[in-house]
Amino acid sequence: MGDTILTIRGLTVDLPKGGDRAHAVQDLSLTVGAGEIVCIVGESGSGKSITSFATMALLPRALNVSSGEILFEGQDITKMSEAGHAKLRGSRMAMIFQEPMTALNPCYTVGDQIEEVFQAHTNMPKAERKSRTLALLEEVRMPDPPRIYASFPHQLSGGQRQRIVIAMALALNPSLLIADEPTTALDVTTQAQILAMFRTLRKTKGAGIMLVTHDFDVVAEVADKVVVMQHGCVVEQGTAEEVLNRPRHAYTRQLIDAVPGRKADAARSENRNPVVLAVDGLEKIYRVPAGFGRPGREVHALKPASFELRRGETLGIVGESGSGKSTLVRAMLRLIEPSAGKIIVDGHDIARAPYSQLRMLRRDIQIVFQDPYGSLNPRRTIGDQLVEGPVNFGVPRREAMEKARELVRIVRLDDEVLNRYPNQFSGGQRQRLCIARALMVEPKILVADEAVSALDVSVQKEVLRLLAEIRDRMGLSMLFITHDLRVAAQVSDNVIVMSKGEIVERGAIASVFHNPQHPYTRQLLEAMPGQGWEVPDLSTLPPADA
Amino acid sequence: MTTATLSPGRQMLKRARHHRGFILSGTVLGLIVLIAIFAPLLAPYDPYKQTLVARLRPPVWLGGTWQYPFGTDALGRDMLSRLIYGARVSLMIGLIAAGVSAVIGTVLGVAAGYFGGKVDRVVMFLINVRLAMPVILVALAAVSLLGGSVIIVTMVMGLLLWDRFAVVLRAATMQVRSMEYIAAAEMLGARQSRILWKDVLPNVMSHLIVILTLEMAHAIILEAGLSFLGLGVQPPTASWGLMISEGKEMLLFDSWLIMVPGIALFVLVFAINMFGDAIRDVTAPEGRN
Amino acid sequence: DKADDTVRVAFAKDLDNADAYFSSARETTIFQFSIHDRLVERDPETGEWVGVLAESVEWIDDLTLEFKMREGVTFHDGKQVTADDGVFTFNHFSDPATGVAMPNTVDWIENAEKVDEMTFRVNLKAPNPAALDYVASSIPVYPAAYYQEVGQQGFARAPIGTGRYRVASIDPGRGYTLIAYEDYQELGPNRKKAVIKNVEVRSIPDVNTQIADLFSDAIEFMWQVPEDQAQRIEGRGGYTVVQAPTVRFGYISMDASGRTGFEPFTDKRVREAVNHAIDRTAVRDAFFGASSEIINSICSPIQFGCTQDVTTYDYDPEKARELLAEAGYPDGFSVDLYAYRDRQAAEAMAQMLDEVGIKANLTFLQYSAIAEKVLKNEVPMSFMTWGSGSIIDVSASTSKFFDGSDIDDVRNPELTALLEKGDTTIDPAARMESYSAALNLIADEAYWVPLWSYTSNYVMSPELDYTPTADEYVRFYDMSWK
Amino acid sequence: MVRYLFGRLGMAALVALTVSIISFALVYMSGDPAVAIAGEHATVDVVAQIRAQYGYDRPLPVQYLDWLASALRGDFGISPYFKVPVADLIVERLQVTMTLGLLAITFAMLIGVPMGVIAAMKPNSLIDRVALFIAVVGQAIPSFWFGLLLIVFFAVNLGWLPASGVASWQGYVLPTIVLGYYATPAIMRLTRAGMIEVLSSDYIRTARAKGVAPSKILFKHALRNAVIPVVSLAAVQMGFMLGGSIVTESVFALHGAGYLAWQSISRNDLPTMQALILIFSLFYIFFTFLSDVLNAWLDPRLRG
Ligand SMILES: Nc1ncnc2c1ncn2[C@@H]1O[C@H](COP(=O)(O)OP(=O)(O)OP(=O)(O)O)[C@@H](O)[C@H]1O
Ligand SMILES: Nc1ncnc2c1ncn2[C@@H]1O[C@H](COP(=O)(O)OP(=O)(O)OP(=O)(O)O)[C@@H](O)[C@H]1O
Ligand SMILES: [Mg+2]
Ligand SMILES: [Mg+2]
């Protein structure tokens, strides 16, 4: 594996007073060798990003390294001047960030922004800078480099932008590349390409790569070494093989245990219950008005879609970002006006219902949204928001409150929470409250639009279990929207695969996943990282460390 | 962690109690409001009582006597009493004008932000028209055509200062509109009026209050400007702006005549502005800058 | 300043129109006096009429005036002045179709006719003793050919005359500059060349700015300085502060005829009450300085025919209240009091009225706006001043108010007749008698409230020498350096 | 880009048209314009004659269209007070006001933007607090009061600058400060807010990670993005300034369009008033349009 490029020893980064804890990172030590990919995993807030920023000397102003050293090629980063940092950054060490959409300056062409690296670190003539830049674009497999060179960031897709950032990072063959969740915002297919790029990089350039992620599949796909963090501390590190298959620390085990199994629970019998929801030819065309900015155009966000949902059935809808999943759901609930089609619930067509009737029809069909922070009104108490539905449908407030208490208990919270405000809850708790709120009006159908995507894996697992339990207990039908195939596999009976606004494949979960028909589905499944890794059966392992 | 956090209201209170600007400006404003309310009790003289033989008496710090601590004006009226009563007029004009603007601007802004589409385009158009009209000029013209009673001056300003409310509340409402709790409320069968009242308005309230303070300050300054040009509140009503205007005749010689109301006006407007900033810090610390 | 022989003058108002016939503003008349010669002027000592542009003037009969023009006088463009110019001027501007700004200054003219190359006659419609006063103040002779060529607007942009100064530039709204006319001929006793070469007039609306400019040596001359400020400037030392009497006087009008539909003032007792309610001396002392005179008649004491020997009403609020009660207003009443200047005096008087029970709602408007309201019968009471166009004859003041026309507040035919008799009689003694009768009638009936005559404060830099006149016209050509 | 600007242009035209209707209507609210023009000594006949002469006896829409048609040709009628064409009057006075407006906005930008940048570089530091304090103070001082104080200090006490008029360039100094300072706080605050946001944005982090020099980050990457909303604000402020110059011009005796506006209002000079309201609006519309163009140049996303 060659020489050690980066050695972090006893790194502690203080948090400002009043933070969640005293140190963002505490007594952290790790090494990255040449040609080695080190993955840092851990739940949100565990200090992964802070570690990478500290290494780049890009820590936010409020945070300071209070002790420890960061040796990069023998020099201690923490003792260097700002000018010294600037000299290293971009040439010897480079970094890729999570958010490709905002990582590039909107005012300059991407060519210009890549060239800046050469400008800052070499005195190449302009012509050479340009040819080197074009070569780089080629290297990160951009189509038509001269065109891309002259493009502005907003003219590129997320995946393309992320590749521009990678091109910048690779421009001067750095010996260390730090990537902080570089693929989280991208869909699986793009993610697969970028991960592949990292692997090539390690091989051809011999660079050391520090990859921050919370996705164990990604770890399984590329990592040589794994560092597991919790609350700012390293709880376990070792080779990928060891950590993934024989985790020793309890926390690592908890994380791995929460990764949904790849196999569908095959056992569910075929559903013969009556149809509760029938969607027929539902379609949505957005008209982006002309004038401001672009010419007027139409976005066919949802091409005619038809499906049925039976009582007690869970229908998964999967597809990558932008494939029209949310559009489908929102049009179905008439949160946006559908352009065409029918939505039959209980013999009534939601698509044509007048507004007054629509209110009544919506009783039967409720939704839980993706963002646990945005779906509760911060200025109203939980109780007030829970009784909103029943009160609107004419139930006396007292009675509704009674019911709210009961439901809060069902989602395993204390009924004292009714007097509190949303900001007093964590994301997972909020999501449970949203579920409770949706159930208050006793719907027949529950729609969950990416209801668990924003949650940490362990919390995600809990919420999924709760949903399944409630579904079975109340005899609900469920529409479960997600881009995570593993999650879909875990909860659904049947699944619909969407691509570019179109349903490309449907069927029972097991048959779709094991025998995909449509090329897109196949592509999607193949792009899933960590194919070679199965979540180990943790119960067979020796007892965990503390 | 969950039980330790406070409700939004309490959090605000806590932040307010630790916010120096809030306490300072709040105290100053509170004092001025109290002075305005209890003017009849506090003023040593009738503010309209002229004593022609006691004209232009200097204030105590310029060699005057304690009989007229802030001196007298060109009609021999006690400056202190006029200042105290003037607080009433200036505050009232500011409050009502800003209030009227707030109602207009909020209705337009919230409607535009919430309903979008055509409504939004119409409101944007109205905002543009309003911005294109020079405020001072139109206010002057209107006051000169309609006369300068306190009510007219206030209403004219009220009808002219709504643009910022509309712009800010439109943006804020748009943001709130896209929040999922609005969709959730729709799904729970809430009527639009209820959503606007219960979900939208409370969440744009902090913006509303901040703009309200800014526009109140703006209205007070604008009224002073109109008075200065001779087309604001008509004498003998004592607004601070009018007092400056009356005193400007003697600016070069008896400068306290404009310094006293000028400083009062400055302190008031300064306190209101600072209070607005403080409210923003307290209600929406993330929106600072 | 003295070094570049330029006197810089601040006026509060700007030159609204450089064509004197189309403006009633004093600033325009001052401008007119600078660039035009008057035909005749009254000798301040003897009161006799002396020719300036005219060599002589003569009453042929009660209805005919003959002017003989001087030889060798040229307009600023070098052209000779002839009788033709005079004939054109009188005929053109007395034609109602021309629509001059102050019709009363020319409406007595029937027509003008040429006698010979340098002589012309003016025919009157009726005998008019004040005719020459109008000629002197408001009828400058215009260059006929030039005026007809460039038209009214062209003339207003680039006016020429025969006066001591010619126009160097006019910057509408901002001011103008004058240069002494090199070819000005000193013929006759009243034709003296201007002393100071350049005059720069700037309009600076704010008196403080004017004073600031004075103190920073940016101007040498300002006038109409309020009393308070004038006193302070004088107290500062160095500057010359002159208080000169003026023809202007102040009065409170009341609608004694009920033409506005406002009842109370039709009762004489109410009008008396108002007269008793106002402490004129106190207001005068506070705002105008002791040299301004309390008047008893609705005219300026300087004016011919303005007797002060009439019934007077002393300050007696108690009596005022009694009179009001007698008239059936024990609790007083409320009235709109219009005013356009001297805000502080107006407020002081409003308060005095208030004390006897008359709630006066003071409404401040521009002069023209009040005039418009007067015309529309909307002004029951006003505090106004009148400058008589600086004509020192009662026919220019009292006679204008009570002429029985739309704007007459009194509409007493007897009064109108008395005044008209005075206006059209030539014999001074007989005129005096009619005016005296009229003014006594006004005072006895307490129609209006005569207040005070105004003085005007002139402030000059130490090096400037100028003696202001009572007619409130600033004569730049009389200015000199010390 | 062309399309974007066309859209803006359409909006601008519509706004201008509406403003023209409003300024036309405003004058008719005041009652009979003929009486106002006829002036002090007019009789009923004269008023009637003027009414006919100026066409005030025709139906309002006809009058409006007629007025608009002449206005488009640059003919706003004759000022009853000045007795000269309104257009001549305004053109002459606009020079002063435009000069003053441009100077003032330049002043405000030159003070406000650097102050905002400095404050943003160290948020909550002493410099930042001082800058914010100055901004709040600036917003709280009535401009006429400030103007008067400046005159007393600089013209009277020190004698450095003229108290009035614009005979020389020095005459513009104090009015520029008075007019400009009012826009400064807003520009400063917006610059500061923009800079703080931009400086904490991902692309600045990217630039730092590339090793770009700090000064270049500030000026090339941050300022351009932060200044985009400031440009729009400056345009709006410029529009306000033309109106605000009414006060400033009357304090400093500058005979620009602002003072003319005040004169025309207090003298009931309706055609001038009408024309000025319209012209000030058009300037505002023009400046916002200009800022749209400028922004489209600064921000490629707007070019579409
Ligand atoms: N600028 C900052 N100021 C104060 N605290 C911060 C700042 N940035 C991060 N923190 C705190 O430091 C801790 C570690 O944050 P860090 O961003 O490293 O987490 P992470 O592991 O990257 O999480 P995620 O997976 O959500 O990105 C958290 O408690 C966070 O609240
Ligand atoms: N208001 C809108 N106007 C125009 N286009 C829109 C609008 N909303 C969504 N779209 C487009 O419609 C398409 C489908 O969007 P949708 O939100 O349904 O995707 P999604 O599958 O839910 O994606 P994600 O996984 O990111 O939530 C996208 O291409 C999106 O850009
Ligand atoms: Mg992170
Ligand atoms: Mg979605």
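These legends walk through several close-up views of a predicted model.

**View 1**
Read along the sequence, chain B has the pattern α-α-α-α-α-α-α-α-α-α-α-α. The C-alpha trace of chain B spans about 75 × 50 × 30 Å along its principal axes. A box of roughly 85 × 55 × 30 Å, taken along the principal axes, holds the C-alpha atoms of chain D.

**View 1. Helices α4 and α12 of chain B cross at roughly 35°.**
Here you can follow helix α4 (residues 79-115) of chain B and helix α12 (residues 256-283) of chain B, whose axes come within 11 Å. The crossing of α4(B) with α12(B) is right-handed. On the α4(B) side, the contact is made by Met79(B), Leu83(B), Ser90(B) and Leu91(B). Their partners on α12(B) are Trp256(B), Leu257(B), Val260(B), Pro261(B), Ala264(B) and Leu268(B). Sorted by class, the residues of this contact are 9 nonpolar, 1 polar and no charged.

**View 2. Helices α5 and α6 of chain C run roughly parallel.**
The axes of helix α5 (residues 207-215) of chain C and helix α6 (residues 227-236) of chain C come within 12 Å and cross at roughly 15°. Because angles under 35 degrees count as roughly parallel, α5(C) is described as roughly parallel to α6(C). Their crossing is right-handed. From α5(C), look for Val207(C), Ile211(C), Leu214(C) and Phe215(C), which meet Gln229(C), Ile233(C) and Arg236(C) in α6(C). By class, the contact of α5(C) with α6(C) has 5 nonpolar, 1 polar and 1 charged residues.

**View 3. Ligand 1 and the residues of chain A closest to it.**
Ligand 1 is surrounded by 16 residues, and the closest are Ser44(A), Gly45(A), Lys48(A), Ser49(A) and Ile50(A). In one, a polar backbone atom of Ser46(A) is 3.2 Å from an oxygen atom of ligand 1. In another, a polar backbone atom of Gly47(A) is 3.0 Å from an oxygen atom of ligand 1. The side chain of Ser49(A) takes part as well, with an N or O atom 2.6 Å from an oxygen atom of ligand 1.

**View 4. Ligand 2 and the residues of chain A closest to it.**
Around ligand 2 there are 13 residues, and the closest are Ser321(A), Gly322(A), Lys325(A), Ser326(A) and Thr327(A). A backbone N or O atom of Gly324(A) lies 2.9 Å from an oxygen atom of ligand 2. For Lys325(A), a backbone N or O atom lies 2.8 Å from an oxygen atom of ligand 2. Finally, look for Glu450(A), where a polar side-chain atom lies 3.4 Å from an oxygen atom of ligand 2.

Terms used: Residues numbered from 1 in each chain as written. Chains lettered and ligands numbered in written order. Predicted model: local features only at pLDDT ≥ 70, side-chain atom pairs only at ≥ 80, totals over all residues. Heavy atoms only, no water. Axes fitted to C-alpha atoms, helices over the stretch in contact; angles between N-to-C directions. Helix = DSSP H or I, 4+ residues; strand = E, 2+ residues; numbered from the N terminus. Parallel < 35°, antiparallel > 145°, perpendicular 65-115°, else oblique. Left-handed = near helix turned anticlockwise from the far one by under 90°. Contact = heavy atoms within 4.5 Å. Nonpolar A, V, L, I, M, F, W, Y, C, P; charged D, E, K, R; others polar. Near = heavy atom within 4 Å. Polar contact = N/O pair within 3.5 Å; in protein donor to acceptor, adjacent residues only side chain to side chain.
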